[in-house]
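Me: I have a structure open and would like to go through it piece by piece. Can you help me read it?

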Amino acid sequence: MKQLVLIRHGQSLFNLENRFTGWRDIDLTDEGYNGARKAGAILKKHGFTFDVAHTSLMKRAIRTLWILLHEMDLVWIPIHKTWRLNERHYGALQGMNKDEVIAKFGEEQVNEWRRSASARPPALLPEAHQHLLLDPKYANVDKADIPLTESLLDTEKRALVYWKEQIAPDLAQNKRVIISSHCNTLRALIKYLDNVSDEEVARLNIPNSTPIIYELDDRLYPIRHYCLGQEGESPDHLSDHENCDWTE
């Protein structure tokens, strides 16, 4: 049996302010820090350990991972960072308050941008994109790979490149893996792992700071998955995503 743990970063400042975040590099709130600590404590309490970690280039995911591993006394394990695990790029909506966007474009349109598998929000303006191209975090990334906007399927495509090149080989070697990432990136990975349809994925949401445990067979097909609650209660077995409060 292979062990994989997924965790969405703790609450960020833009989460608190109800803003679209995407590739904006926003830090954690105090609640976000505390959520990461609790997640590490819960994982340790239930006997989890890790051999390797993967995360994005966003400080909210990296810091969540650091705090979690500190709680587990695992700060020494290898950590691999990649832009392919970044949050979905929300284009021109990044930094905007979600209620204001709804008022401007209508709830139906905004829900399609947020929840649809294929819809892309309006693209980032050229000057903002140029600023992103010059960000030193992306100095080694092909400029053609840095998006102006993304759908969930776009996010899935680039995340699966990294899954197949880096994460799957780690799991195949029986390494215990944790991925600290973002709501839509984890939605995309879960969509792939559980063969969730484009229609069903619209209902799938990932809570902050909640460890999602996958047990996989030798072909990396899920045997079962469940969440560990933030208060340290016994893990709840999942028969579907809603049992883990994954709907929004």
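Me: Which way do E1 and strand E4 run, and how many bridges join them?
Reply: This is a predicted model. In it, E1 and E4 (residues 177-181) run parallel, and five bridges join them.

Me: Which residue of E4 does Ile 7 stand opposite?
Reply: Ile 7 stands opposite Ser 180 in E4.

Me: What about strand E5, in which sense does E1 pair with it?
Reply: E1 pairs with E5 (residues 212-216) in the antiparallel sense, over five bridges. In that pairing, Gln 3 stands opposite Glu 215.

Me: How many residues of E1 are buried?
Reply: Seven of its seven residues, so E1, which spans residues 2-8, is mostly covered.

Me: And which residues sit on which side?
Reply: Lys 2, Leu 4, Leu 6 and Arg 8 are on one side, while Gln 3, Val 5 and Ile 7 are on the other. Both faces are covered, and these residues are all buried.

Me: New topic, helices. At what angle do H2 and H3 cross?
Reply: Roughly 40 degrees, and their axes come within 8 Å. H2 is residues 30-45 and H3 is residues 59-71. That angle makes H2 oblique to H3.

Me: Is the crossing left-handed or right-handed?
Reply: H2 passes H3 in a right-handed crossing.

Me: Which residues meet there?
Reply: From H2, the list includes Tyr 33, Arg 37, Leu 43 and Lys 44. On the H3 side they meet Arg 63, Thr 64, Ile 67, Leu 68 and Glu 71. By class, the contact has seven nonpolar, two polar and four charged residues.

Me: What about H7 and H8, how do their axes cross?
Reply: The axes of H7 (residues 152-172) and H8 (residues 183-193) cross at roughly 70 degrees and come within 9 Å. H7 is therefore roughly perpendicular to H8, as angles from 65 to 115 degrees count as such.

Me: Which residues make that contact?
Reply: Among them are Leu 153, Arg 158 and Trp 163 of H7, and Thr 185, Leu 189 and Tyr 192 of H8. By class, the contact of H7 with H8 has nine nonpolar, three polar and five charged residues.

Me: Let's do a loop. Where is Leu 85?
Reply: Leu 85 is in the loop between strand E3 (79-81) and helix H4 (98-105).

Me: Buried or exposed?
Reply: Leu 85 counts as buried, because its relative accessibility is 0% and the cut-off for buried is under 20%.

Me: What does Leu 85 touch?
Reply: Leaving out residues up to four places away in sequence, Leu 85 touches His 54, Thr 55, Ser 56, Arg 158, Tyr 162, Ile 179, Ser 181, His 182 and Thr 185.

Me: Last topic, backbone angles. What is the phi of Asn 18?
Reply: Asn 18 has a positive phi of about 60 degrees, although it is not a glycine. Most residues other than glycine have a negative phi. Asn 174 also has a positive phi, of about 65 degrees.

Me: Where are Asn 18 and Asn 174?
Reply: Asn 18 is in the loop between helix H1 (13-16) and H2. Asn 174 lies in the loop between H7 and E4.

Me: How exposed are Asn 18 and Asn 174?
Reply: Asn 18 is partly exposed, with a relative accessible area of 27%. Asn 174 has 51% and is exposed, because exposed means over 50%.

Methods. Residues are numbered from 1 along each chain as its sequence is written. This is a predicted model: local features need pLDDT of at least 70, side-chain atom pairs count only at pLDDT 80 or more; totals for chains, interfaces and linings use all residues. Side-chain values use heavy atoms; hydrogens and water are left out. Axes are lines fitted to C-alpha atoms, for helices over the stretch in contact, and angles run from 0 to 180 degrees between N-to-C directions. Helices (H or I, at least four residues) and strands (E, at least two) are DSSP runs, numbered from the N terminus. Angles under 35 degrees count as roughly parallel, over 145 as roughly antiparallel, 65 to 115 as roughly perpendicular and the rest as oblique. A crossing is left-handed if the near helix is turned anticlockwise from the far one by less than a right angle, and right-handed if clockwise. Contact means heavy atoms within 4.5 Å. Ala, Val, Leu, Ile, Met, Phe, Trp, Tyr, Cys and Pro count as nonpolar, Asp, Glu, Lys and Arg as charged, and the others, Gly among them, as polar. Buried means under 20% relative accessible area, exposed over 50%, partly exposed in between (1.4 Å probe, protein chains only). Two strands pair if DSSP finds at least two bridges between them.
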